[in-house]
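Please look over the sequence and the structure shown below before reading on.

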Amino acid sequence: MHRSRVYALLIDTPQAEAAQAAAFWSAALGAPARPVPSEEQFTSLHEALPGLVTAVQAVDDAPRFHLDIETDDVEAETARLLALGATPVSQWLECRVLRAPGGHLMCVLPVHSDPDLFTAQANTWP
């Protein structure tokens with residue numbers, strides 16, 4: 001058995017437009033925009049969606065939204081999502097990038113949230 005939950009909503013934005021997008025989403029959602037010092041491609045939108053990390057991510061690709069799913073077993077969660085119809089796209093560090101039916105991207109990553117929050121909110125899968 002393993003557990004997983006939606007951890008983050010990422011607003012992927014072409015790198016040249018990321019600062020403008022972060023300012024827009026900050027104002028639109030009433031959430032302060034804060035650069036993430038250790039990961040310069042991210043600008044956090046603090047508490048834009050309570051309970052979820054929300055951030056603008058500068059990418060070398062087209063604009064889109066994607067979800068991050070955190071799990072206590074990356075391999076098991078990846079296998080579960082593949083069995084549901086997702087297809088593998090790539091791997092980045094410990095993160096697995098998948099494409100859901102319909103074309104949306106998602107990332108499967110190890111638990112990043114507070115362990116108590118993860119325990120309280122995660123779904124348990126066989």
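Helices (H or I, at least four residues) and strands (E, at least two residues) are DSSP runs, and they are numbered from the N terminus. This is a predicted model, in which local features need pLDDT of at least 70 and side-chain atom pairs count only at pLDDT 80 or more, while totals for chains, interfaces and linings use all residues. Residues are numbered from 1 along each chain as its sequence is written, and side-chain values use heavy atoms, with hydrogens and water left out.

**A loop residue, Ala86**

- Ala86 sits in the loop that runs between helix H2 (74–83) and strand E6.
- With a relative accessibility of 9%, Ala86 counts as buried, where buried means under 20% relative accessible area, exposed means over 50%, and partly exposed lies in between (1.4 Å probe, protein chains only).
- If contact is taken as heavy atoms within 4.5 Å, and neighbours within four places in sequence are left aside, Ala86 is in contact with Leu81, Leu98, Arg99, Ala100 and Pro101.
- Ala86 and Gln20 are 66 residues apart in sequence, and their C-alpha atoms are 32 Å apart in space.

**The largest pocket**

- On a 1 Å grid over the protein atoms alone, a cavity is a set of points where a 1.4 Å probe fits but cannot get out, whereas a pocket is an open set with protein on both sides within 12 Å along at least five of seven lines, and lining residues have an atom within 4 Å of a point.
- The largest pocket has a volume of about 860 Å³, a volume being the space filled by probe spheres set on grid points that are joined across faces, edges and corners.
- Its lining has 34 residues, and those nearest the centre of the pocket are Gln41, Phe42, Gln57, Asp68 and Trp92.
- Among the elements that give two or more residues to this lining are strand E1 (2–14), strand E4 (53–59) and strand E5 (64–71).
- The lining divides into 19 nonpolar, 7 polar and 8 charged residues, where Ala, Val, Leu, Ile, Met, Phe, Trp, Tyr, Cys and Pro count as nonpolar, Asp, Glu, Lys and Arg as charged, and the others, Gly among them, as polar.
- Gln57 belongs to strand E4 and is buried, with a relative accessible area of 16%.

**Backbone angles**

- Most residues other than glycine have a negative phi.
- Glu47, in the loop between E3 and E4, has a positive phi near 60 degrees.
- Leu93, in the loop between E6 and E7, has a positive phi near 50 degrees, and at 65% relative accessibility Leu93 counts as exposed.

**Cysteines and the nonpolar core**

- A disulfide is a pair of cysteine sulfur atoms within 2.5 Å, and a search of the whole structure finds 0 of them.
- The sulfur of Cys95 has its closest cysteine sulfur in Cys107, 3.7 Å away, and therefore too far for a bond.
- Cys95 counts as buried at 10% relative accessibility, and Cys107 counts as buried at 11%.
- A nonpolar core is a set of buried Ala, Val, Leu, Ile, Met, Phe, Trp, Tyr and Cys residues joined through side-chain atoms within 4.5 Å.
- The largest such core has 10 residues, including Tyr7, Phe42, Cys95, Leu105 and Cys107, and the elements that give two or more residues to this core are E1, E7 and E8.
- Apart from neighbours within four places in sequence, Leu105 is in contact with residues including Arg64, His66, Val89 and Val97.
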